[in-house]
Amino acid sequence: MKKILVVVGGGRPNGNTNQLVNAFIRGALDAGHEVEKVSLNKFEVKGCIGCNACRYGKPCVQKDAFNDFVHKIISADCIVFASPLLFWTISSKLKAFIERFYCIAEEDSNPSYGRYEKYPVKDAALLMTSADNFFWTYEQAVSYYKFTIINYIGFNDKGMVLAGGCGDTNGRPQIDKTEHLTEAYEFGKSIY
Ligand SMILES: Cc1cc2nc3c(=O)[nH]c(=O)nc-3n(C[C@H](O)[C@H](O)[C@H](O)COP(=O)(O)O)c2cc1C
């Protein structure tokens with residue numbers, strides 16, 4: 001049994017992204033894992049302002065929901081990042097959440113090339129939805145995830161579901177007409 005924290009960076013309450021996330025969660029629960037879902041629509045997390053107070057042993061100066069998320073991040077085995085594709089990348093809410101990982105970094109006396117600190121090692125996954133479904137649709141989002149979450153922060157990639165062709169937000173969610181919900185359920189069931 002693993003502890004999985006799913007962070008949803010926006011999207012409509014019963015929209016494509018929440019449906020995708022819920023399908024993943026059903027699979028993970030059926031496989032016996034413990035899952036917690038948090039929505040950044042409900043809990044505000046602001047971006048890092050780079051004051052560096054955390055580099056001098058002080059708590060983050062920003063008093064918002066992230067401080068309550070820290071123990072959830074530390075105790076999770078896997079963090080699932082979920083977002084609708086907004087202007088070809090992850091939502092600003094999810095980006096702000098990731099920026100705040102800066103305050104949970106630990107000093108690394110001997111960082112490898114291109115790194116400056118170390119982070120708690122976790123597994124990670126990416127769940128996204130979009131209107132378009134071209135071969136380049138997720139290029140920037142996947143590039144950011146791989147560069148930042150996997151290569152820099154150092155999490156282990158467990159995979160991703162990139163649900164293209166779910167319809168635009170000026171219409172009702174269309175993800176139930178695709179195979180992506182089944183894909184997300186199977187992913188949740190087989191992630192460990
Ligand atoms: C502000 C905004 C920007 C969007 N940008 C893109 C985009 O760049 N590419 C794309 O394919 N879809 C884009 N979409 C469509 C959403 O990604 C898509 O409808 C998504 O599934 C909505 O998720 P939801 O149903 O969970 O709200 C955008 C939607 C909004 C509201």
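Predicted model: local features only at pLDDT ≥ 70, side-chain atom pairs only at ≥ 80, totals over all residues.
1. α4 itself covers residues 139-152. Its buried residues are Ala 141, Tyr 145 and Ile 149. An α-helix has 3.6 residues a turn, so residues three or four places apart point the same way. The buried residues of α4 pack against β3 and β4.

2. A glycine with a positive phi turns up after another helix too. Just after α1 you'll find Gly 32, with a phi of about 95 degrees. Glycine aside, most residues have a negative phi, and that makes the next two residues worth a look.

3. Take Asn 52. Phi is positive here, about 70 degrees, although the residue is not a glycine. You'll find Asn 52 in the loop between β2 and α2, the helix made of residues 66-75. Is it buried or exposed? Asn 52 counts as exposed, because it has 12 C-beta neighbours inside 10 Å, and 12 or fewer is the cut-off for that class.

4. Trp 88 is the other one. Its phi is near 70 degrees, again a positive value in a residue other than glycine. Trp 88 sits in the loop between β3 and α3. With 13 other C-beta atoms within 10 Å, Trp 88 is partly exposed.

5. Now for the strands around β4. Six of the seven residues of β4 are buried, so the strand is mostly covered by the cut-off of 20 or more other C-beta atoms within 10 Å. β3 and β4 run parallel and are joined by seven bridges. On the β5 side, β4 pairs in the parallel sense over six bridges. There, Ala 124 stands opposite Asp 157 in β5.

6. β3, helix α3 (residues 92-99) and β4 make a right-handed β-α-β unit. Another right-handed β-α-β unit is made by β4, helix α4 and β5.

7. On to α1, which runs over residues 16-30. α1 is mostly covered, with eleven of its 15 residues buried. Among the buried ones are Asn 16, Thr 17, Leu 20, Phe 24 and Ala 28. The buried residues of α1 pack against five strands, β1 (3-8), β2 (34-39), β3 (78-84), β4 (123-129) and β5 (156-163), and also against helix α5 (180-190).

8. The ligand is where I'd look next. Which residues are closest to it? Of the 21 residues that surround the ligand, the closest are Gly 11, Gly 15, Thr 17, Pro 84 and Asp 132. α1 gives the most to this shell, with three residues. By type, the shell divides into eight nonpolar, ten polar and three charged residues.

9. Last, two residues of helix α5. Lys 189 is located in this helix and counts as partly exposed, with 17 C-beta neighbours inside 10 Å. Leaving out residues up to four places away in sequence, Lys 189 touches Gly 27, Ala 28, Asp 30 and Ala 31. The C-alpha atoms of Lys 189 and Ala 125 are separated by 13 Å, with the two residues 64 apart along the chain.

10. Ser 190 also has its place in helix α5. With 12 other C-beta atoms within 10 Å, Ser 190 is exposed. The C-alpha atoms of Ser 190 and Glu 107 are separated by 34 Å, and the two residues are 83 apart along the chain.

Technical notes. Residues numbered from 1 in each chain as written. Near = placed C-beta within 6 Å. Helix = DSSP H or I, 4+ residues; strand = E, 2+ residues; numbered from the N terminus. Nonpolar A, V, L, I, M, F, W, Y, C, P; charged D, E, K, R; others polar. Contact = placed C-beta atoms within 7 Å. Pairing = 2+ DSSP bridges. Right-handed = clockwise from strand over helix to strand, strands pointing away.
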